[in-house]
Amino acid sequence: MNNRNQFMPPGFIVRVFAIAILGCAATLCGAADSNPSDMTLWYRQPATAWLQAMPLGNGMIGAMVFGGVPQERIALNESSFWSGRPHNYDNPEAFQYFPQIRDLVFADKFQEAEKMANAHFWGKPKAQEAYQPIGDLLLDFGATHFTDYRRELDMETGIAKVSYRLSDAVITRETFVSWPDRVLVVRVSSDRPGRVSLGVQFRGPYLETSVAEPGRLVVDGTWKGPFAAPNSGMAGLIARTEGNGLRYEAALAARLEGGRSEAAGSTLNITNADAVTLVLALSTSFVNYHDISGYPAARCKQVLDAAAGKDFATLLGRHVNDFRGLMGRVHLNVGDAALGATPTDQRLQAVRAGGEDPNLEALCFQLGRYILASSSRAGGQPANLQGIWDEDILPSWGSKYTVNINTEMNYWPAEVCNLAECHQPLFDLTKDLSETGARTAKTQYNAGGWVLHHNTDLWRGTAPVDAAKYGMWPMGGAWLCQHLWEHYAFSDDTHFLREYYPVMRGAAQFLLEVMVEEPKHHWLVTPLSMSPEHSYLDKDGNTAVVSPGPTMDVALIRELFSHCIEAEQILGQDGDFGVKLADALKKLPPYRIGSNGFVQEWIEDWTPGPEGHNVSPLFPFFPGNTVTLRGNPDLAAAYQKWMEAHSSPRGFQLAWSVAMWARLERGDKAGALVRRFVSTSPADNLHNRAGNQSDASFGLTAAIAETLLQSHAGEISLLPALPPQWPNGSVKGLRARGAFEVDISWRDGKLVEAAIRSINGGSAKLRYGSVTREVKLRKGEVYRWNG
């Protein structure tokens, strides 16, 4: 549908069928059909460093395209290729020390408790495994003299393109990773016949065999340990497992248009072709977290056989339809789109030098959506600390799933930014962890339900690992369960809730059994925990980490128990368990304001130490919602005071701070931090630079969404914290809790029109500024709020 809907008077409800909503989504709020260039990054030179390369992925295969001319490097990952092999990290001796550690904590002997925990309570081994690179697909073109070079990544279609002129011929390379067909595709073509010649080979740290034959290249390898001694930064944080682990195979088929192909050792040479399409399948022997007996060769053959009947145009079309079907749902139009004519790295340089480019901020918003759509799809593993892209065998922090913030932040944009399908790998991980975590709960705590500490890996380790300042935190499962509930809250999908409620109940069961009444205030608390990665000074001025019932634990328990109670009511299940949860909720410590005027981080008003996250007490306000701006004004004011005192956040903390200011409805503060993020954090490919960690990029995307739309406090709030550098603009396709989709346009910082579409039918309270309205919509209906 190309017709535009005229603005309607306030309160006008448009009744449309669901299919019509999908067809006209791009035209709501007066927005034109999406411009393919509004999500494009481009450059005038090849990449020479990892964070200059262009990321591609389908949730299973990750590829970094460098765009070199003499030699193209496409760095490959497969989401299930990790170090080690199936392993049970639980420590069978741990439980005999748990009561003693607990008693030491309640006696305020925190240093003795930490010493005993360090000696006896860690998993075996004390470190988990690491995400691993497969290697590089190398395309040798031999050309050194070229002109008119351009390299670009269209984030809406997931296509990386390189073009340049060799003498009188223009060479074009198009690369994408297809989720529908499970392959990496590279097409090299020329506008003049017979001008495509290249050699194709492979290299990798675990490569064992490489066999080339005309039209085909097959390589395989096996992970082997142990690693060389880790560098000092990662010492003790990555397991040094010995022996063989996962196997992989990469199989490439070359489809020539003219010319010829021949093998020379392990290189496939293609000469004088008009064009060539390379189709690569990549698989490992991973079956599940306790089985690595799969056959990667058979899997690759199956994938290539299925793709064999599809020409390049068909493969491309299937990929674009799929990828644009995700990325095209949400468009953010702010700033001067004409700046897209300037290379992305030059725009970044201008912003770093103090310039302003709100349109580049919109690109950073889309980058977070893009890497989620590329790194987390059904059939693959969840996005890890680096998404799905890693070139190091000893990556920072093992590129694991760190569940005391980083993994969850990866998925903050999933629901609100209309990528709910990309949430599924995290749900699959959580279900696996409920199995291994049940074993850990029994082994280390003699408790029912299931537990997860601060880290996990491909093998679904749930025991505490690393060191006391990181790992003695039993709340990872509770936080992951918040994502299960959020998916239900945004979708109203009771079938999903019925499937995953047992996982939520198991996490709650563990906490019910392990929490005890502390002796001073008689509150019900987690007896052995910590405020993630943050130390404090106890009453005697000594540094400590472990503590009972820190604020973040209390907030997670409030969320989990309340969600379980509501789920029981929705599903019509026996309420006995809910009665126990409700009784426990009454006994939890209250949120309190400390002597510094901030929401207190620990059960006592201890002085914060210098190291660690120091943002964990923010959880009740964001991403949680047990404290809200209007519902708890005193606590909200304390959070504002905390934010004002912590004015120089970095990395993922900076992204979290944008979201906090958005919840405080301070668009000026949120906008200033968005600008700071874009001027300090992104590399040339817009990915977060710090440690090659993806979390901050995901977090910024979710935080920007919070400035435009909120739905956590029982109402859908329009433009609650609009950044002032975006006086005019529009956003299409954000999602709100209650299964609503929202488009908004604004001018001079004021609402012009919002279109709220009900996906399933239902009621909602809407807010714009101080004005609220109640609406009730049938499935497919649209309510328009005109400014």
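**Note on the predicted model**

1. The protein's secondary structure amounts to 19 helices and 35 strands; helices (H or I, at least four residues) and strands (E, at least two) are DSSP runs, numbered from the N terminus. The radius of gyration is 27 Å, close to the 28 Å that the globule rule gives for 787 residues, so the protein is as compact as a globular protein of that length. That radius is taken over C-alpha atoms, and the globule rule is 2.2 Å times the number of residues to the power 0.38.

2. This is a predicted model, in which local features need pLDDT of at least 70 and side-chain atom pairs count only at pLDDT 80 or more, while totals for chains, interfaces and linings use all residues. Residues are numbered from 1 along each chain as its sequence is written, and side-chain values use heavy atoms, with hydrogens and water left out.

3. Overall dimensions and surface. Along the principal axes, the C-alpha atoms fill a box of roughly 85 × 70 × 50 Å. Of the 787 residues, 62% are buried (buried means under 20% relative accessible area, exposed over 50%, partly exposed in between; 1.4 Å probe, protein chains only). The protein exposes about 27200 Å², of which carbon and sulfur atoms supply 50%; the areas come from the Shrake-Rupley method with a 1.4 Å probe, and for residues only the protein chains shown count as cover.

4. Contacts across the sequence. Contact means heavy atoms within 4.5 Å. Among contacts between residues at least 6 apart in sequence, 69% join residues at least 24 apart.

5. Two strands pair if DSSP finds at least two bridges between them. Strand 6 (residues 135-140) pairs with strand 11 (residues 196-203) in the antiparallel sense over five bridges, and L137 has F202 of strand 11 as its bridge partner. Strand 11 is in turn joined to strand 16 (residues 267-273) by four bridges, again antiparallel, with V200 partnered by L268 in strand 16. Strand 15 (residues 260-264) runs antiparallel to strand 16 and is joined to it by five bridges; here E262 is the bridge partner of N269. Strands 15 and 16 form a hairpin with two residues between them, and G265 in the turn has a positive phi of about 65 degrees.

6. An open sheet has the strand order 25-24-27, with antiparallel pairing. Strand 25 (543-544) and strand 27 (607-608) stand at the edges, each with a single partner strand, so one side of each is left without a neighbour in the sheet. Strand 24 (residues 536-537) is joined to strand 27 by two bridges, and Y536 stands opposite P608 in strand 27.

7. Helix 2. The buried residues in helix 2 (residues 98-106) are F98, I101, L104, V105 and F106. Their cover includes helix 3 (110-120), helix 10 (424-445) and helix 13 (494-514), along with strand 21 (516-517), strand 22 (524-525) and strand 26 (546-547). D108 follows helix 2 and has a positive phi, near 65 degrees.

8. F66. This residue sits in the loop between strand 4 (61-65) and strand 5 (71-78). F66 is buried, with a relative accessible area of 5%. Apart from neighbours within four places in sequence, its contacts include W50, R73, Y149 and R151.

9. K310. The loop between helix 4 (296-308) and helix 5 (312-327) holds K310, which is buried at a relative accessible area of 17%. Leaving aside neighbours within four places in sequence, K310 is in contact with D181, R255, L315 and R318.

10. Backbone points to check by eye. Most residues other than glycine have a negative phi, and most peptide bonds are trans. The peptide bond from G225 to P226 is cis, with omega near 10 degrees, and P226 lies in the loop between strand 13 (216-225) and strand 14 (243-257). F622 and P623 are also joined by a cis peptide bond, with omega about 5 degrees; P623 is in the loop between strand 27 and helix 16 (633-645).

11. R460 has a phi near 60 degrees and lies in the loop between strand 20 (455-456) and helix 11 (468-471). R460 is buried, with a relative accessible area of 4%. H522 has a phi near 65 degrees and is found in the loop between strand 21 and strand 22. At 48% relative accessibility, H522 counts as partly exposed.
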